[in-house]
Amino acid sequence: MKNSYFPGCNLKTDAKGFEQSAIAVSKALDAELVEMPEWNCCGTVQTMTADNLMRRIAPVRVLSRASKHVKELEGSQNSVTTLCSMCNSTLKIVNAEVKENPNDLEKINFQLENDDLVYEGDVQVKHFLEILRDDVGYENIAKKVTNPLEGMKIASYYGCMLLHPDKAKIDDEEMPTVMESIVLSLGAEVVDWPYFKQCCGSYHIVDRDDIVNSQVAKIIRNAKKTGANALIVACPLCAYNLDNQQLELEKQGVEKDPIPIFYFTQLMAIAMGLPQKVNHFEDNHINPKPLLTELGLIEEKK
Amino acid sequence: MRIGVYVCECGKNISATVDVERVVDYAKSLPNVAASRVYKYMCADPGQELIKKDIEELKLDKVIVAACSPRMHEPTFRAVIEDKGLNPYTLEIVNIREQVSWVHDDKKKGTKKAQSLVKSSVMRSALMEPLDRKKVGVTHKALVIGAGIAGIQAALDIAGSGYQVTLVEKSSSIGGKMAQLDKTFPTLDCSACILSPKMVDVGRNPNITLIANAEVEQVDGYVGNFKVKIKKKPRYVIEDKCTMCDDCVPVCPVIVHDEYNENLSPRKAIYIAFPQAIPASYIINPDDCLGIDPLICSKCKDVCGPEAIDFDMKPEIIDDEFGAIVVATGFETYAIENLGEYGAGNIPDVITGLEFERLISPGGPSTGDIRRPSDGKLVKKVVFIHCAGSRDPAKHLPYCSKICCMYSTKQALMFKHEVRDGTAVNFYIDIRTGGKDYEEFYQRAAEEAKVVYIRGKVSELIQDGNEILVKGVNTLTAETVELHADLVVLATGIIPSQGTKDIASVLRLSLGINGFIKEAHPKLKPVETSITGVFVAGCATGPKDIPETVSQAGRAAVRACNIIAQDEIEVEATIAHVDEILCRGCGICVETCPYSAITMIDTKRFGNTYKVASVNEALCKGCGSCAAACLNGAINQFGFEDKQILAMIQALGEE
């Protein structure tokens, strides 16, 4: 099976480890992510103004190209897959909106005329987590595990975008299980913690990092209190805030002993014994290698 | 033929959108109309006298009243014409209120429509024939289903009027939810102290037959003559022999959750629901017991001195007949598992109001000390969340559960009485204290006992170490609120109980949009149901507090007595009848009839035997389904004959 894959901006810059580990994992699980051609920005923050169609042109353009790509891609289902939760959210919401309002879609398509491509409203948007849950299945993930993550106690962090709003959510907003189930199939321990959807502070990192710091402090403290030694995330912005600001908090003397932040695909790559270079751990702010070495999950090159 | 037409103004209800004078003038021009008049309130005494006088002086033989719905005043006007010697079934009502004035604003069109309807009724009236009143005998005995406070009160009131009543209860003891409560608002009476005497009265009253641990399986028949099948499950303990010595309990090896204590404490497979239980006898739950088989375990039987334990008991089917039925099957609370935002039952110290009742009760699992379930620590800070699952049309129940403001206030007040240095916080949307002395009770909690009230909803509960972090909003100050609590109590909403749903389907009662049993009229017939002779009391029709439930049970009892006190009662005269010559015996009417009133019988004609339909006059409700379904036009309904209906249609078509 192959999946048309929409990367988005972060996956090519700050979150290379997320993209490359995800692609490696997807190949190993026979659900390969194949990058769609000529993609553009997803539109980032979803506008809530109903008539601001300008802000919906970018996502619709992505969807129209994805629609073409899935038709050309052999063995592909009729869906485009994302890794970043923000891209997933924006594309899913806009997709639902234009399906509900054909008049809006017509107006947006008019703007895309020079592209020679219009969107018919015929593609589904899926997050890679949904592919793993619905198409691959947890048992098949477990079958590929050669290096079970024994000793890892993982708090799964969903953030806001994966669970809200209704049009974009990938799991139950109060009791999600998809990340926890993946953690279990990798042989790691699941930490039951209540801060799984607490906001990380999001874009406040640009101008009000004090807000982000207070959110990150709450999240990390609770994770440690429940015994976690690592967090997994599915969003480059969450990852940045949780990762970098822990060091910031340490510098300020507020928190100590930072715990590493992983993309869920990085841990999958380790558990499945895939080459370490896909993880790009050099991009992590808190070095995860000491923990992984201590638990005997990787061998540190001398 | 002399017809009188009487048009009602209904104050301004009708006259505002219908020109009644013009309707009267128009009626005068119609055939057979001997009198046509208007009056402000036709149902009032002067209006009725007007009709009576005309019948006498103008020798009318048919009367038409153009007024409100026949559901409102048909009985009133039937009595009026019967008083003057006319057959009550020759009365015709034209609904020009609900079907004209209330639904139109254009007076011209409204008047025109009223005129057309009057005309069609004049045409029908000429063809109406007198009908006989039908009477059936009555069983002088009532059935009460459900023995919470509503059922107990209804049974006591019926028995108190001198009639036999059978009280059926699903669980092992009567008492219902009220037996689980510690104290009651707004007087803080001990619930057991006011309920137990009534329970004992039920056990002692010679007019009451109590069948506990039983369910109503089937109900047939009709008002005055309900045939009921009751399934009594085996108790495995002979009630008369059990001395309640408790010797069997210590030896029983099975430990399960105690439902009476809301699963906060253990019980054995042989147990008594609570010390004041009626019937006063232990019971073995066969689902918990190792096997109801002396070969597997007979420890309880071995130690039982009075030899009260009988493993050979079998389920028993009791067939009986009743004149009237009172349904009092009560409520359940909205499951905490549905409330994901409050932990969905995964946070041990987030409990329901009913669990808190057990915690604070001296007879409860912690003998009245308020200890939290997770670690048994004495609670110092407690948060009550009102409307947990109520008034939330987006995710949960849309309606107000009515009693939660008061019971949360009561629980907070009791907590403050118990833990003087403790803190009790209530998060509420609105405080609703619509009951006698309720507002004063709330003021007392807030001002004297210093219970804290914060207007706003709690968005999330989070386990934070060994405390619970409560995240909410104060909508009066527009500030977010975060505070820690030892215990959080959810005032979960009220939903119809499984028993209510089950009995509604057995009896074929109509349900409202939220699943509660629907009253025949929300204001004037609050205990009557869609089925004559079946009444309802308590929370089966919607959330209610104890005083309201008790008064409703009293009315249900009176209404049941109204029926069982009579030797015979009148049933519908407008029933179906079969023209055997036209009937071809296809049986479509048998399938169509919702009351199983039609059967196929053999009839002899020209020396051959044919199958034809036959209507049971006592069972037929006159709904008309069969008359409409009959392909040969062989079934007609008294009072709604085809020729009458066709005359009406023709009159309307002529306009």
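Predicted model: local features only at pLDDT ≥ 70, side-chain atom pairs only at ≥ 80, totals over all residues.
View 1. The contact between them draws 24 residues from domain 1 of chain A and 29 residues from domain 2 of chain A. On the domain 1 side, α1, α3 and α5 (128-136) of chain A each supply at least two residues. The most comes from α1(A), with nine residues. Sorted by class, the side of domain 1 of chain A that touches domain 2 of chain A holds twelve nonpolar, eight polar and four charged residues.

**View 2. Chain A as a whole.** Chain A contains eleven helices and eight strands. Its radius of gyration is 19 Å, close to the 19 Å given by the globule rule for 302 residues, so chain A is as compact as a globular protein of that length. Along the principal axes, the C-alpha atoms of chain A fill a box of roughly 55 × 45 × 35 Å. Of the 302 residues of chain A, 47% count as buried. Among contacts in chain A with a separation of 6 or more, 79% join residues 24 or more positions apart.

**View 3. Helix α9 of chain A and its surroundings.** Helix α9(A) covers residues 236-251; its 16 residues should span 22 Å at 1.5 Å a residue, and the end C-alpha atoms are 22 Å apart, which agrees. The helix bends by about 25 degrees at Q245(A). Q245(A) is also one of the buried residues of α9(A), which include P236(A), L237(A), C238(A) and L242(A). What covers the buried residues of α9(A) includes the helices α1 (16-28), α3 (85-100) and α8 (209-225) of chain A. The strands β7 (230-233) and β8 (261-263) of chain A are also among the covering elements. After α9(A) comes G253(A), with a positive phi near 80 degrees.

**View 4. Two cis peptide bonds in chain B.** The peptide bond from F185(B) to P186(B) is cis, with omega near -5 degrees. P186(B) sits in the loop between β8 (183-184) and β9 (189-190) of chain B. A cis peptide bond also joins I278(B) and P279(B), where omega is about 0 degrees. P279(B) is placed in the loop between β15 (270-271) and β16 (283-284) of chain B.

View 5. I292(B) is not a glycine, yet its phi is positive, about 45 degrees. This residue lies in the loop between β16 and α9 (299-303) of chain B. I292(B) is partly exposed, with 18 other C-beta atoms within 10 Å. K450(B), also a residue other than glycine, has a positive phi near 60 degrees. The loop that holds K450(B) runs between α12 (438-448) and β23 (452-455) of chain B. K450(B) counts as exposed because it has 11 C-beta neighbours inside 10 Å, the cut-off for an exposed residue being 12 or fewer.

**View 6. The contact between chain B and chain A.** Seven residues of chain B and seven residues of chain A take part in this contact. By class, the side of chain B that touches chain A has two nonpolar, three polar and two charged residues.

Conventions:
Residues numbered from 1 in each chain as written. Chains lettered and ligands numbered in written order. Helix = DSSP H or I, 4+ residues; strand = E, 2+ residues; numbered from the N terminus. Buried ≥ 20, exposed ≤ 12 C-beta atoms within 10 Å, placed from the backbone. Contact = placed C-beta atoms within 7 Å. Nonpolar A, V, L, I, M, F, W, Y, C, P; charged D, E, K, R; others polar. Expected span 1.5 Å × (residues − 1). Bend = angle between axes of the 7 residues up to and from the residue. Rg over C-alpha atoms; globule rule 2.2 N^0.38 Å.
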